[in-house]
Amino acid sequence: MSEDPQPQGARARHTHYERARNGVLSPFGDTTGTGLWHIRAGHPGGAYSDLGHELDLPAEHTPTVLTRYDRSGRDDSSLGACLRCTWEGSRRSGPGALNRAVEDAHDHAFPGWRTLPTLPPAADGHGRRRDWHAVAGCYPAGWLDRGAPVLRPAVGRGDQHRPPHAARPRYELRIVRPAGPNTDTPDGQEPLF
Ligand SMILES: [Zn+2]
């Protein structure tokens, strides 16, 4: 039995995965999609996400994450990917793999994102908007419209990056910063570029 050719890139791989799951590729064979990379559920273009399903390509490079299931059914590995092009990051596995893959995808779409200002720990309602307005002006031109990420301090080890959704069309990245005075204060930050 010849192997199906593996496509490259988030959109092509996800389509291939769905075709396998629908029995299009091998009508009487495995329809679980085991071993096939696909967009992780909840991330742009994946199941349960309300972003990234448009038929037209986005105008700009757009981060997402690929995952696959091994024979035991465990979700073990992640790849950073892009909804605009066929770029894929390195395979990440083990503890922290998902976060690293998300960060890889942002290195591709928003090189230099690690220097963006970090918001204070999550506030509610008015506080959240106030905090956001305080740092939004520090973003490079055009980055906000393109979905550049929000950075917040990680809450404990293993805090996962939050995927975007229609109400917040940008990833919220949980950043581990060394402790120090004023590291999270947006006041006085210089524009990045
Ligand atoms: Zn891209």
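This is a predicted model: local features need pLDDT of at least 70, side-chain atom pairs count only at pLDDT 80 or more; totals for chains, interfaces and linings use all residues.
Residues are numbered from 1 along each chain as its sequence is written.

The chain holds three helices and six strands, taken as DSSP runs numbered from the N terminus (helices H or I, at least four residues; strands E, at least two), and from the N terminus on these elements follow the order α-β-β-β-β-α-α-β-β. Of the 193 residues, 32% are buried, a residue being buried if 20 or more other C-beta atoms, placed from the backbone, lie within 10 Å of its own.

Strand β2 (residues 63-69) is mostly covered, with five of its seven residues buried. Strand β1 (residues 38-39) pairs with β2 in the antiparallel sense over two bridges, pairing requiring that DSSP find at least two bridges between the strands; Ile39 has Leu66 of β2 as its bridge partner.

Within helix α2 (residues 97-109) lies Ala101, which is buried, with 29 other C-beta atoms within 10 Å. Beyond its neighbours within four places in sequence, Ala101 is in contact with Val65, Ser78, Leu79, Gly80, Gly89 and Arg92, contact meaning that the C-beta atoms of two residues, placed from the backbone, lie within 7 Å. Gly89 stands 12 residues from Ala101 in sequence and 7.1 Å from it in space, C-alpha to C-alpha.

Helix α3 (residues 125-136), by contrast, has one buried residue among its 12 and therefore lies largely in the open.
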